Amino acid sequence: MKRWFVLIILGVSQFVMVLDSTVMNVSISTVAEDLGTDIGGMQAAITFYALTMAAFMLTGGKLGDKWGRSAAFRIGSVVYGIGSLTTALAPNLTMLLFGWSLVEGLGAVLVIPAIAALAAINYAGRERVIAYSALGAITGFAAAAGPLIGGLMTTYASWRYVFFAETVIMVLVLIVSGRVKDVPGDRTLRIDLLSVVLSASGMAILVFAVLQSKTWGWLVPLDPPEVGGVTIAPFGVSPVAYLIVVALLVLWWFVRRQQHLEATGRVPLLKVSMLRIPALRSGLTMFLAQYFAIAALFFVVPVYLQTILGYDALETGLKILPLSVGLIVFSVIGSRLSTVRSARNIARIGQFTLGLGLLFVFVAVQPDLNDWLFAGGMFVVGAGFGLLASQLGNVNMSAVDKDDTSEVGGLQGTFQNLGSSFGTAVVGSVFILLLTAGFGTAVQASDTLADDVKSQVAEATASGAPIISQQQAEQAVLDAGGSPEAATEIAQVYADSQVASLRQALFLVFALTLLAIVLARGLPATIPVPAKEAEAGGPAAAHTGGT
């Protein structure tokens with residue numbers, strides 16, 4: 001047990017890092033009401049939390065190389081704890097964005113890459129493989145356990161206690177972190193500032209563009225911004241399209257900058273050459289696809305259960321519980337299967353299983369929930385997630401030498417959080433666009449609503465239909481002076497449009513998840529081990545072929 005104490009410290013930290021977003025998702029309605037905001041504001045907070053980590057994770061890994069991983073781990077724990085305390089005390093959305101989306105995110109970018117590197121420093125051979133597998137399983141378990149923990153705390157106490165508890169946990173981790181073995185950092189290491197700016201700004205612009213698509217439109221402008229009375233939609237094209245082009249150009253400049261630094265013998269923020277390793281490239285892209293699907297599901301399902309069906313946070317957490325069970329069971333099964341089946345094979349099965357579960361959930365989502373089919377779908381989603389979690393972390397970390405594990409840890413965190421931010425932003429945007437279009441069409445097609453009522457609805461939803469309950473929609477019409485008959489009809493049309501739009505958004509996630517199966521082709525037939533470690537007596541030689 002003594003030799004696994006370091007893994008316990010790292011595992012607890014990993015659990016806390018991942019827990020946050022899923023806790024917030026299941027408590028989304030309660031938190032929004034408590035902070036005086038709406039679902040759109042919470043979607044922005046969730047997205048920007050993941051974005052902060054995605055944008056600065058590579059920088060956090062490089063700072064760990066400079067300061068020493070243990071020092072980065074401790075500094076990150078302090079920053080994260082301060083962010084958690086700020087979040088727990090947040091009186092409004094602005095402070096939530098500062099404490100949770102920014103400060104906690106900046107703490108996480110130091111802690112997460114350090115966890116990966118410290119696992120490699122403190123364990124070798126078979127123990128290192130076990131450590132990576134355990135950390136991968138903990139990541140998945142935290143993502144799945146968050147809804148239940150959040151539901152319990154929100155229903156019987158307050159969502160704020162989750163963040164108070166995180167503060168206490170990070171203080172305890174800080175106290176015992178001296179037991180973690182480390183190697184000295186390279187104090188002479190120079191971090192290229194231009195690379196940091198390009199990396200962060202490119203990803204920030206990209207996610208911001210996707211987030212704004214629900215209001216501004218993807219290509220055709222819906223409700224574009226105005227500056228000085230001038231509508232910003234050059235040549236009749238939405239600003240979102242221009243922002244995406246700008247983001248891609250900035251990220252292309254970032255890649256070229258890294259190639260130049262590496263070619264001239266200087267230290268890049270990202271070793272682009274590492275992405276030529278098939279196992280690592282496939283592992284990272286599957287990480288992105290996996291967390292895209294999970295983040296999208298964890299945004300859509302709470303909105304459906306709480307806003308449409310009227311469930312509270314605990315009931316929502318219990319509905320998601322089968323996912324947690326499936327994840328735990330199949331994380332263990334996946335680890336066992338890795339001795340007889342290739343990582344590529346298991347990952348493909350996991351991705352297909354994840355897609356199958358999403359299909360079951362899609363079918364179950366109706367005006368009246370099909371409980372058993374929904375529970376079965378969530379369990380199958382968890383099973384697919386568990387199979388993937390049992391493989392991808394191992395594959396990514398074992399694809400490189402020990403000296404590069406901090407950088408890969410940063411890369412893994414970047415892809416994970418990009419997947420999460422895109423999942424929340426893209427699916428949230430698609431849902432609201434579909435809801436706005438579907439609701440508007442249904443209202444205009446009504447034979448019983450007066451023309452002036454139709455005009456008022458069209459004007460009220462011009463910048464996107466709000467995500468509210470059927471009762472709230474009915475009350476809004478009454479407050480605007482509508483008749484009880486019109487309010488009842490509009491509210492029913494709105495509720496029907498919500499369910500239809502949610503199902504369409506879920507189907508999109510299902511389709512993209514199945515398409516992502518092709519990403520597994522670069523995964524190895526066995527867990528790869530770098531040549532240096534193999535020569536030093538590592539568990540096995542690298543093997544990237546086979547099925």
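Student: What should I know before I start reading?

Tutor: This is a predicted model, so local features need pLDDT of at least 70 and side-chain atom pairs count only at pLDDT 80 or more, while totals for chains, interfaces and linings use all residues. Residues are numbered from 1 along each chain as its sequence is written, and side-chain values use heavy atoms, with hydrogens and water left out.

Student: Let's begin with charges. How many salt bridges are found in the whole structure?

Tutor: A salt bridge is a side-chain nitrogen of Lys or Arg within 4 Å of a carboxyl oxygen of Asp or Glu. The search of the whole structure finds 5.

Student: Which residue forms a salt bridge with Lys62?

Tutor: Asp65 does, with the closest N and O atoms 4.0 Å apart. Helices (H or I, at least four residues) and strands (E, at least two) are DSSP runs, numbered from the N terminus. Lys62 and Asp65 both lie in helix H3 (residues 39-67), 3 residues apart, which is about one turn of the helix. Asp65 also meets the side chain of Arg69 in a salt bridge, at 2.9 Å from N to O.

Student: Are Arg69 and Asp65 buried or exposed?

Tutor: Buried means under 20% relative accessible area, exposed over 50%, and partly exposed in between (1.4 Å probe, protein chains only). Arg69 is buried because its relative accessible area is 11%, and Asp65 is buried because its value is 14%. Lys62 is buried too.

Student: Which side chain meets Arg257 in a salt bridge?

Tutor: That of Asp192, at 2.8 Å from N to O. This pair links distant parts of the chain: Arg257 is in helix H9 (residues 239-263), Asp192 is in the loop between H7 and helix H8 (193-216), and the two are 65 residues apart. Arg257 counts as buried because its relative accessible area is 18%, and Asp192 because its relative accessibility is 12%. As for shared partners, salt bridges join Lys62, Asp65 and Arg69 into one network.

Student: Now for helix packing. At roughly what angle do the axes of H14 and H17 cross?

Tutor: Two packed helices are described by the angle between their axes and the distance between the axes. Axes are lines fitted to C-alpha atoms, for helices over the stretch in contact, and angles run from 0 to 180 degrees between N-to-C directions. The axes of H14 (residues 405-444) and H17 (residues 484-515) cross at roughly 140 degrees and come within 8 Å.

Student: Which residues make the contact?

Tutor: Contact means heavy atoms within 4.5 Å. H14 contributes residues including Val427, Phe431, Leu434 and Gly438, and H17 contributes residues including Ile490, Tyr494, Ser501 and Leu508.

Student: What does Ala313 touch?

Tutor: Not counting residues up to four places away in sequence, Ala313 touches Val26, Gly151, Thr154, Thr155 and Gln306. Ala313 is found in helix H11 (residues 313-337) and is buried because its relative accessible area is 4%. Tyr156 is 157 residues from Ala313 in sequence, yet their C-alpha atoms are 9.7 Å apart in space.

Student: Where is Thr86, and what does Thr86 touch?

Tutor: Thr86 lies in helix H4 (residues 69-88). With residues up to four places away in sequence not counted, Thr86 touches Met95, Phe98 and Gly99. Thr86 is buried, because its relative accessible area is 18%.

Student: Let's turn to backbone angles. What is phi of Phe235 near?

Tutor: Most residues other than glycine have a negative phi. Phi of Phe235 is near 55 degrees, a positive value in a residue other than glycine. Phe235 sits in the loop between strand E2 (230-231) and H9, and counts as exposed because its relative accessibility is 82%.

Student: Where is Ile175, and is Ile175 buried or exposed?

Tutor: Ile175 is in helix H7 (residues 160-176), and counts as exposed because its relative accessibility is 63%.
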